[in-house]
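Reader: I am new to this structure and would like to learn how to read it step by step. Could you take me through the features, giving the general idea before each case?

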Amino acid sequence: MSEAQLKENAKELDKFTLSITREDKRALKSYAARQDKTVAKVLREWIDEKCKGEK
């Protein structure tokens with residue numbers, strides 16, 4: 001889903017709580033920063049690729 005679509009459908013977004021280690025959190029935040037993305041965007045892309053089969 002593109003950023004424009006996300007903004008249009010903001011009311012449809014759900015909040016999600018995830019328990020991970022501090023080390024994993026730091027790694028994820030660092031990876032997202034290096035990609036110039038938010039953690040949420042990295043996770044959305046992972047879901048699209050791994051769960052929905054989108055590239």
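This is a predicted model: local features need pLDDT of at least 70, side-chain atom pairs count only at pLDDT 80 or more; totals for chains, interfaces and linings use all residues.

Reader: Is alanine 40 buried, partly exposed or exposed?

Author: The general idea is that a residue is called buried under 20% relative accessible area and exposed over 50%, with partly exposed in between. Alanine 40 has a relative accessible area of 39%, so it counts as partly exposed. As for its place in relation to another residue, alanine 40 and glutamate 12 are 28 residues apart in sequence, while their C-alpha atoms are 15 Å apart in space.

Reader: How many helices and strands does the protein have?

Author: There are three helices and zero strands, and reading along the sequence gives the pattern α-α-α. The C-alpha trace of the protein spans about 35 × 25 × 20 Å along its principal axes, and of its 55 residues 7% count as buried.

Reader: Where is phenylalanine 16, and which residues form a nonpolar patch with it on the surface?

Author: Phenylalanine 16 lies in the loop between α1 (3-8) and α2 (22-34). With a relative accessibility of 71%, phenylalanine 16 lies over the 50% cut-off and therefore counts as exposed. Together with Leu18, Ile20 and Leu43, Phe16 forms a nonpolar patch on the surface, and these residues have about 410 Å² of accessible area together. For the protein as a whole, the accessible surface comes to about 5300 Å², of which 51% belongs to carbon and sulfur atoms.

Reader: Which residues gather in a patch of positive charge on the surface?

Author: That patch brings together Arg22, Lys25, Arg26 and Lys29. Of these, lysine 29 is found in helix α2, and its relative accessibility of 48% is the reason why lysine 29 counts as partly exposed. Taking the charges of the protein as a whole, the mean position of the 14 positive charges and that of the 11 negative charges are 5 Å apart.

Key
Residues are numbered from 1 along each chain as its sequence is written. Side-chain values use heavy atoms; hydrogens and water are left out. Helices (H or I, at least four residues) and strands (E, at least two) are DSSP runs, numbered from the N terminus. Buried means under 20% relative accessible area, exposed over 50%, partly exposed in between (1.4 Å probe, protein chains only). Accessible areas come from the Shrake-Rupley method with a 1.4 Å probe; for residues, only the protein chains shown count as cover. Lys and Arg count as positive and Asp and Glu as negative; His and the chain ends are not counted. The place of a charge is taken as NZ of Lys, CZ of Arg, CG of Asp or CD of Glu. Patches are made of residues with over 30% relative accessible area and no salt bridge: like charges are joined within 9 Å, nonpolar side chains (Val, Leu, Ile, Met, Phe, Trp, Tyr) within 5 Å. A salt bridge is a side-chain nitrogen of Lys or Arg within 4 Å of a carboxyl oxygen of Asp or Glu.
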